[in-house]
Amino acid sequence: MRFITSCIVLLTAILISCSSDFYNSSDFVAGEGFTNSNLKVITFDTLTLKTSTVKLDSFVTGDASRILVGSYTDPIFGTVTASSYFELEPESYILDHDAVYDSITISLKLDGYFYNDTTLTQKIEIRELLESVVPTEDYFYNTSSIAYSSNQILGTLSFTPRPLQKDSISTRLNDSLGLNLFERIKEKSITDQAGFRDYFKGMVLLAPEQDNSCILGYAKDAGALTVQLHYTQEDEDNTVTYTLDFNLSAYGSTTPFFNAITSNDNLKSLTAITSQEQEVVDSITENKTFVHSGLGLATKFSLPTIKSLDDIEGSGSLLSANLKFYPSAQDHTNNLPLNDSLSVYLVDRKNVILNQLTSASSSAIYAVLNKVDSEFNNTYYEADISTFADLLYTTTDYTDYGLLFLPPNNNSTVDRNILTGSNALVNPAKITINYTIYQND
């Protein structure tokens with residue numbers, strides 16, 4: 001290693017030799033000065049950052065952690081609607097011969113998740129499926145659908161939600177459904193799950209057309225969603241009421257359940273995307289990028305000129321890389337909030353997700369929302385993407401790779417985030433690089 005004897009000489013050499021693609025005279029900042037090992041750290045934030053929006057072809061919602069139902073009108077994405085399809089399974093196929101049918105009800109338990117305005121009345125229609133809940137491929141996706149009865153509603157729910165209270169809500173269902181199920185089980189024409197699903201395919205929970213309130217999450221754990229047949233039996237001198245419970249089915253190799261999420265009015269520049277390999281750069285979408293978990297939209301960042309670090313005179317290495325980007329202030333309200341964090345995924349040149357980005361210590365990387373105060377100018381996401389930047393800089397196989405940003409629990413939410421791109425005039429996304437020079441050539 002050749003020792004450097006003058007800070008001024010070193011900075012002058014850097015000024016002359018650095019690529020103008022990422023450098024200007026105000027960007028380099030001396031680190032700690034000269035250490036005992038004569039290392040030098042420089043900092044700059046003008047490396048080219050490409051920002052764009054990617055639309056995932058589809059993603060699995062059959063393993064979602066919650067039931068999603070509801071509808072709301074979004075100023076960017078139009079009417080966003082979530083519907084839930086599922087199969088039921090009786091806890092028993094035995095009813096005594098003297099049992100007498102009473103009624104049938106459904107009960108749902110809120111799990112605390114909501115998106116948009118919960119002060120408005122929430123409405124749910126319950127309809128019977130006409131096809132079995134069996135995927136045409138290996139899994140159910142957000143774009144999946146199953147035919148259901150259009151001429152008969154099994155029941156309706158109408159209520160003002162209190163999602164944080166995690167209340168249970170219930171309603172009576174059509175007696176023609178309850179009585180038919182009751183008689184078939186009692187007469188032993190249905191004796192197992194195969195016979196039950198052959199007769200009754202399942203249910204779908206729908207938001208009525210033109211509904212504009214919110215999308216709510218309902219629990220999927222045992223007993224959280226229950227259809228109950230209520231019946232009575234004579235016990236000596238008393239009439240006793242009993243119930244036969246129907247729970248979410250686990251029948252078959254693929255869980256017979258999924259959420260379908262749609263939007264009727266995406267931005268034209270985004271609906272023009274025909275495959276996941278495509279991406280829309282922020283200059284086409286008013287210098288904004290988009291994230292929407294339910295619709296499969298993700299913001300992508302890439303570093304096409306990171307190899308220009310080699311233009312710095314001397315030998316060195318990338319010490320750290322910090323990504324900072326801002327929400328678009330006018331596109332968020334109390335009813336359309338930001339995520340507290342976003343998950344970060346490594347994608348290849350075709351935008352196929354490879355894995356979640358991790359740190360050098362193998363911890364998952366997140367972009368964390370920082371709120372310095374109530375002003376949006378001081379609200380931003382920040383992520384340490386040093387491992388990604390170093391991967392691009394030190395190898396040749398990953399040059400065209402990028403990072404996708406999505407909400408955590410992406411297949412179980414309808415969260416959306418509108419962000420400023422790297423070309424925005426106000427609060428543009430940027431990356432800050434710390435680079436260590438340890439030998440001057």
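# Notebook: packing and pairing

I began with Tyr231, which is buried at a relative accessible area of 9%. I call a residue buried under 20% relative accessible area, exposed over 50% and partly exposed in between, using a 1.4 Å probe and protein chains only.

I note that this is a predicted model, in which local features need pLDDT of at least 70, side-chain atom pairs count only at pLDDT 80 or more, and totals for chains, interfaces and linings use all residues. Residues are numbered from 1 along each chain as its sequence is written, and side-chain values use heavy atoms, with hydrogens and water left out.

**Entry 1: the chain as a whole.** I looked up the secondary structure and found five helices and 25 strands in the protein chain. These are DSSP runs numbered from the N terminus, with helices (H or I) of at least four residues and strands (E) of at least two. Of the 441 residues, 50% count as buried. The accessible surface comes to about 20,200 Å², and carbon and sulfur atoms hold 46% of this area; the method is Shrake-Rupley with a 1.4 Å probe, and for residues only the protein chains shown count as cover. I then looked up contacts (heavy atoms within 4.5 Å). Among those with a separation of 6 or more, 80% join residues 24 or more positions apart.

**Entry 2: aromatic rings.** My search of the whole structure gave 16 aromatic pairs. Rings of Phe, Tyr and Trp (its six-membered ring) pair if their centres lie within 6.5 Å; planes under 30 degrees apart count as stacked, over 60 as edge-to-face and the rest as tilted. Phe140 and Phe258 are stacked, because their ring centres are 4.4 Å apart and their planes stand at 15 degrees. Phe140 is in the loop between strand 7 (122-128) and strand 8 (155-159) and Phe258 in strand 14 (residues 257-263), so this pair ties together parts 118 residues apart in sequence. Phe140 is buried at 4% relative accessible area, and Phe258 is buried at 0%.

I returned to Tyr231 and its partner Tyr242: with centres 5.8 Å apart and planes at 25 degrees, the pair is stacked. Tyr231 belongs to strand 12 (residues 226-235) and Tyr242 to strand 13 (residues 238-248), eleven residues apart. Tyr242 is partly exposed, at 33% relative accessibility. I also recorded a cluster in which ring pairs link Tyr101, Phe182, Tyr231 and Tyr242.

**Entry 3: salt bridges.** I found eleven salt bridges in the whole structure; each is a side-chain nitrogen of Lys or Arg within 4 Å of a carboxyl oxygen of Asp or Glu. Glu279 pairs with Lys50, their closest N and O atoms being 3.6 Å apart. Glu279 lies in the loop between helix 4 (268-271) and strand 15 (280-281) and Lys50 in strand 2 (residues 50-55), so the bridge ties together parts 229 residues apart in sequence. Glu279 is partly exposed at 23%, and Lys50 is partly exposed at 34%.

Glu279 also forms a salt bridge with Lys300, with closest N and O atoms 3.0 Å apart. Lys300 sits in strand 17 (residues 297-302), 21 residues from Glu279. Lys300 counts as buried at 3% relative accessibility. Through shared partners, Lys50, Glu279 and Lys300 form one network.

I next looked up Arg66, whose salt bridge with Asp111 has its closest N and O atoms 2.7 Å apart. Arg66 is in strand 3 (residues 66-74) and Asp111 in strand 6 (residues 100-116), so the pair ties together parts 45 residues apart in sequence. Both Arg66 and Asp111 are buried.

**Entry 4: a charge over a ring.** I recorded that the charged end of Lys324 sits over the ring of Tyr380, 4.1 Å from its centre. This term requires NZ of Lys or CZ of Arg within 6 Å of the ring centre and within 35 degrees of the ring normal.
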